[in-house]
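The questions below ask what stands behind the labels put on a structure. Each answer sets a value against a rule.

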Amino acid sequence: MPSLYEFANPVLFERWARPAIPWLAGATALMIFAGLYYALFNSPADYQQGDSVRIMYVHVPAAWMALFCYSVIAISSAVGFIWKHPLADVAAKEAAPIGAGFTFLALFTGSLWGKPMWGAWWAWDARLTSVLILFFLYLGYMAIWRAFDDKARAARLAAILAIVGFVNIPIIKFSVDWWNSLHQPASVFRAGGPSIHPSMLPPLFLMAGAYMSFFGAALLQSMRNELSARRQARLERTDVKAASTLVEQ
Amino acid sequence: MRGLRAIIARDVTLAFRAGGGSLPAVAFFAVITVLFALAAGPDLTLMSKIAAPIIWTGALFATQISLDQIYRADREDGSLDVIVTTSGELALTAAAKAAAHWLSTGLPLILATPVLAILLNLESEAYLPLLLSLLIGTPGLSLIGSFAAALTVALPRANLLISIIVSPLYIPILIFGAGAAAAGAAGAPQYAANLSLLGAATLFTAVIAPIASAAALRSNMD
């Protein structure tokens with residue numbers, strides 16, 4: 001069993017990540033086709049929502065991923081901050097755009113669903129608002145990374161922000177339970193259809209699996225891109241240094 | 001303890017002297033409130049309904065605009081280096097800086113609120129809930145804001161970045177604060193719940209923000 005520190009070696013990471021990506025990508029493709037087939041053709045329409053319920057199969061796993069990706073960022077940030085693990089910093093940085101994408105997808109599909117169901121594209125309910133906050137958190141996190149030239153400093157500061165922002169994750173997760181008293185229960189039934197029909201579960205979990213393996217593939221690939229970009233920058237710097245010493249001689 | 005008091009006294013004095021951030025923040029608060037009111041139109045019943053939310057967002061913006069000042073000048077004249085290297089417990093020093101920021105902007109904003117509330121036709125029974133919610137909530141704004149200022153102190157023009165970082169973290173305080181002000185004015189039972197949650201949010205940030213600020217300041221030392 002390789003230890004955490006062996007993965008800090010980019011060469012080892014490359015050796016392990018490169019063959020994993022096609023497998024993850026293939027799994028994504030399989031599950032997304034199977035999941036979409038079940039979701040669109042082979043699952044029952046809801047007795048109240050009709051066919052609009054099918055939006056759920058895209059929406060709910062995306063919302064799960066929005067929370068999951070931020071958790072990945074926060075945990076990698078903590079690992080990077082405490083143990084100065086360079087790959088953890090890269091993982092946190094590269095997970096952010098993917099997570100922001102899932103968050104946007106959750107908000108977008110939710111609003112598409114809300115228009116026919118609630119009669120409004122948006123409602124200022126606790127769950128919607130807190131997911132929107134999560135989206136802004138992603139943007140702030142990415143903005144910190146972009147603001148600093150010095151990657152090591154950016155990593156530390158972004159890590160601090162990610163860990164502070166992690167406070168919001170339980171708030172988002174439990175917003176539906178905590179704010180029941182203040183909000184119309186109409187928004188809750190989506191999570192609460194407590195007896196969701198068993199035939200709706202396979203497409204839901206297939207889509208969740210597809211998103212998960214997509215996240216894995218995209219994260220590993222963008223980490224590889226970031227690592228090669230850094231290597232290139234380092235090589236260019238040493239080239240310039242070598243050239244300037246030549247000129248001095 | 002004496003050092004912390006000295007930092008607070010120094011920061012508050014600097015904020016109220018010429019070139020300080022206090023008066024501009026209050027002026028900005030007044031201007032933004034008036035602009036909101038002008039945009040909403042002359043309907044007085046509508047105005048009294050949206051007065052408290054306007055004042056809460058105005059106070060939030062006015063706090064935000066003054067955050068950049070918290071550590072900027074200290075870094076430019078080199079005193080931040082001295083503070084970081086000589087503080088026994090940097091988190092306490094960061095808390096003192098946040099306290100000084102609240103004394104020099106949060107408190108003046110609250111003092112200016114009744115005057116602006118008259119202009120916005122706020123109902124008389126809504127004054128106390130609004131002021132109380134601001135009193136409990138604005139320290140949280142200063143604490144979170146000082147953390148964002150510490151994160152970005154090494155950047156030349158950080159105001160825009162600070163706003164992006166700080167807005168999502170401000171939203172819970174804004175929701176509970178404005179919620180408490182509205183519920184209190186209506187005599188609704190959620191008043192106490194909102195105030196308690198607002199207090200909880202401020203207390204929570206009082207624990208987290210100074211520690212996070214200290215970590216950020218250390219990471220920003222060259």
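Buried area is the accessible area (1.4 Å probe) that two parts lose on being put together, summed over both. This is a predicted model, in which local features need pLDDT of at least 70 and side-chain atom pairs count only at pLDDT 80 or more, while totals for chains, interfaces and linings use all residues. Residues are numbered from 1 along each chain as its sequence is written, chains are lettered from A and ligands numbered from 1 in the order in which they are written, and side-chain values use heavy atoms, with hydrogens and water left out.

Q: What is the area buried between chain A and chain B, and how much of it do carbon and sulfur atoms give?
A: The area is about 1,900 Å², and carbon and sulfur atoms give 81% of it. Contact (heavy atoms within 4.5 Å) involves 22 residues of chain A and 23 residues of chain B.

Q: How many salt bridges are counted between chain A and chain B?
A: The count is zero; a salt bridge needs a side-chain nitrogen of Lys or Arg within 4 Å of a carboxyl oxygen of Asp or Glu. On the side of chain A that touches chain B, helix 4 gives the most, with nine residues. Helices here are DSSP runs (H or I, at least four residues), numbered from the N terminus.

Q: What makes Arg224(A) and Glu14(A) a salt bridge?
A: Their closest N and O atoms are 2.9 Å apart, so the pair meets the 4 Å limit. Arg224(A) lies in helix 8 (residues 201-248) and Glu14(A) in helix 1 of chain A, so the pair ties together parts that are 210 residues apart in sequence.

Q: Why is Arg224(A) called buried?
A: Its relative accessible area is 17%, and buried means under 20%, exposed over 50%, and partly exposed in between (1.4 Å probe, protein chains only). Glu14(A), at 27%, is therefore partly exposed.

Q: How do you know that Glu226(A) and Lys93(A) form a salt bridge?
A: The N to O distance is 3.1 Å, which is within the cut-off of 4 Å. The pair joins helix 8 to helix 3 (residues 86-118) of chain A, and so ties together parts that are 133 residues apart in sequence. Both Glu226(A) and Lys93(A) are buried.

Q: Which residues are linked with Lys93(A) in a network of salt bridges?
A: The network links Lys93(A) with Glu94(A), Glu226(A) and Arg230(A). Glu94(A) and Lys93(A) meet at 3.7 Å, N to O.

Notes. Helix = DSSP H or I, 4+ residues; strand = E, 2+ residues; numbered from the N terminus.
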